[in-house]
Amino acid sequence: MSTPYDPGRPEDRPSDQPGYPPTPPPEQYPQGQPPQGGGYAGGGQFPPAPEYGGAPQYGGAPQYGGAPQYGGAPQYGSAPQYGDPYGAPATRGNPPTEVLRAVQLMFVRVALGVLNALIAFLSADSIKDTIRANDPSLTADEVNSAYAVAVGITVFFGLVFAVLYVLLAIQVRKGKNWARIVTWVLAGLGVLGGLLSLLGDGTGLEKGVGVIILLVDAAIIVLLAMKPSNAYFAARKAPRY
């Protein structure tokens, strides 16, 4: 009959593990059960392992408020438009009303020039009578020659002015300053011619058409010299960056 294993006995403890004997084989356990807990070197029982409470329970992660809501980006007005020194806005877009009216009057001036030439043809007898009244010594051939010269001059300058006004009107609408300067020169000559026609010996119809031409030329000069027109031509003349 074998002696049960007793960890308290010195002879049952191995030399390489003092105080901590190896686990005996199962057949040496009393009543077939392993010893409860280990034993000290003196044969006592190891105290049971301390019971620790569960892991401390921490509160959940702190809840932070949502991201602050900022107002929308500030809305700024459009970039300022700089005009000429007198405050008129400079624009490269459509011409102002003053320029458009001047262009319209330039085409009216073309029509009046053609009308004046037609009147010269239709008033042949009246013109010849005027020539005879100014110089009774002229013969019939001389009167006809003088009439032909007068009509020729009228038609020639009428056609020249008509073509120039059409070409200049197109360039003036585009904002070409040189075209505006040439238009001033031609309109100035038209005003001077209208004044001379009033002092001449033309028929009443010719003088009436001359007055209308004078007023149209004067209006063209004024419209192209107004502040909005100056701003438009200055803006078209400025270099683009």
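Student: What share of the contacts in the chain with a separation of 6 or more comes from residues 24 or more positions apart?

Tutor: A contact means heavy atoms within 4.5 Å. Here, residues 24 or more positions apart account for 64% of the contacts with a separation of 6 or more. Two notes on the source. This is a predicted model, in which local features need pLDDT of at least 70 and side-chain atom pairs count only at pLDDT 80 or more, while totals for chains, interfaces and linings use all residues. Residues are numbered from 1 along each chain as its sequence is written, and side-chain values use heavy atoms, with hydrogens and water left out.

Student: How many helices and strands are there in the chain?

Tutor: Helices (H or I, at least four residues) and strands (E, at least two) are DSSP runs, numbered from the N terminus. This chain has 6 helices and 0 strands.

Student: What percentage of the residues count as buried?

Tutor: Buried means under 20% relative accessible area, exposed over 50%, and partly exposed in between, with a 1.4 Å probe and protein chains only. Of the 241 residues, 26% count as buried.

Student: Which residues have the most contacts inside the largest nonpolar core?

Tutor: Nonpolar side chains tend to be buried together in soluble globular proteins. A nonpolar core is a set of buried Ala, Val, Leu, Ile, Met, Phe, Trp, Tyr and Cys residues joined through side-chain atoms within 4.5 Å. The largest one has 24 residues, and those with the most contacts inside it include Val99, Met106, Tyr165 and Phe233. Helices α1 (97–122), α3 (140–173), α4, α5 (204–224) and α6 (227–237) each supply at least two of its residues. The most come from α1, with 7 residues. A second, separate core of 7 residues includes Ala124, Ile131, Tyr147 and Val151.

Student: Is threonine 183 buried or exposed?

Tutor: Threonine 183 counts as buried because its relative accessibility is 0%. It sits in helix α4 (residues 177–199). Leaving aside neighbours within four places in sequence, threonine 183 is in contact with Met106, Tyr165, Leu168, Val172, Ile220 and Leu224.

Student: Which residues of helix α2 are buried?

Tutor: An α-helix has 3.6 residues a turn, so residues three or four places apart point the same way. In α2 (residues 124–134), the buried residues are Ala124, Ile127, Lys128 and Ile131. They lie on the same side of α2 because they cover an arc of only 100° around the axis, taken from the directions from the helix axis to the C-beta atoms. Their cover includes α1, α3 and α5. The face turned away from the buried side carries the exposed residues Asp125 and Ala133.
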